[in-house]
Amino acid sequence: MHGIKAGISLIEEHEVKPEHAAKHVGSGEVEVLSTPSMIAFMERTALKCVQKHLPEGYTTVGTRVDVRHLKPAPVGAKVTVEAKLIEVDGRKLKFEVKAYWKGAVIGEGNHERYVVNIEKFLSKIKKAMAESS
């Protein structure tokens with residue numbers, strides 16, 4: 001269906017802005033990169049890693065995150081995130097993700113995404129919403 005193979009990777013740089021700080025997102029009281037924001041950077045990089053390999057009308061959705069946040073990075077820092085596709089099992093894609101600041105690993109772990117047809121995916125959500133009202 002999608003022809004994506006393990007081994008592809010993407011490295012992106014993300015700037016830690018005030019809205020990414022733990023104090024801003026409510027996950028802490030300090031002005032450093034929050035764990036939720038680091039995970040969002042990792043998810044975004046994994047998404048972009050495979051999106052160009054998918055047919056039109058398809059995307060991936062995140063379904064699992066298993067990440068450790070090891071070191072802080074201050075607001076204003078440039079954080080480098082790497083997503084490497086390590087396993088493909090049908091529509092399930094498993095990534096190894098890492099975040100770096102000044103050459104040191106500040107976060108690492110695994111992330112899973114599923115390939116979905118956007119139209120079918122949204123249709124299921126609309127149907128579920130209609131059934132619940």
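## Salt bridges

A salt bridge is a side-chain nitrogen of Lys or Arg within 4 Å of a carboxyl oxygen of Asp or Glu. This is a predicted model, in which local features need pLDDT of at least 70 and side-chain atom pairs count only at pLDDT 80 or more, while totals for chains, interfaces and linings use all residues. Residues are numbered from 1 along each chain as its sequence is written, and side-chain values use heavy atoms, with hydrogens and water left out.

By the salt-bridge rule, the count comes to four. One of them joins the side chains of Glu15 and Lys78, at 3.5 Å from N to O. This pair links distant parts of the chain, since Glu15 is in strand 1 and Lys78 is in strand 3 (residues 78-89), 63 residues apart; here helices (H or I, at least four residues) and strands (E, at least two) are DSSP runs, numbered from the N terminus. Glu15, with a relative accessible area of 36%, is partly exposed, and Lys78 counts as partly exposed at 42%, where buried means under 20% relative accessible area, exposed means over 50%, and partly exposed is in between (1.4 Å probe, protein chains only).

## Two further pairs

The side chains of Glu12 and Lys48 also meet in a salt bridge, at 3.1 Å from N to O. Glu12 lies in strand 1 (residues 9-15) and Lys48 in helix 2 (residues 35-51), so the pair ties together parts that are 36 residues apart in sequence. Glu12 counts as buried at 15% relative accessibility, whereas Lys48 counts as partly exposed at 43%.

Another salt bridge is formed by the side chains of Arg68 and Glu108, at 3.4 Å from N to O. Because Arg68 lies in strand 2 (residues 58-69) and Glu108 in strand 5 (residues 104-117), this pair ties together parts that are 40 residues apart in sequence. Glu108 is partly exposed, with a relative accessible area of 25%.

Helix 3 (residues 118-132) has 15 residues and reaches 21 Å from its first C-alpha to its last, close to the 21 Å expected, a span defined as 1.5 Å times one less than the number of residues. The helix is hardly covered, as the count of buried residues among its 15 residues is zero.

Ile125 is found in helix 3 and is partly exposed, with a relative accessible area of 37%. Together with Ile118, Phe121, Leu122 and Met129, Ile125 forms a nonpolar patch on the surface, with about 430 Å² of accessible area together. Patches are made of residues with over 30% relative accessible area and no salt bridge, with like charges joined within 9 Å and nonpolar side chains (Val, Leu, Ile, Met, Phe, Trp, Tyr) within 5 Å; accessible areas come from the Shrake-Rupley method with a 1.4 Å probe, and for residues only the protein chains shown count as cover.
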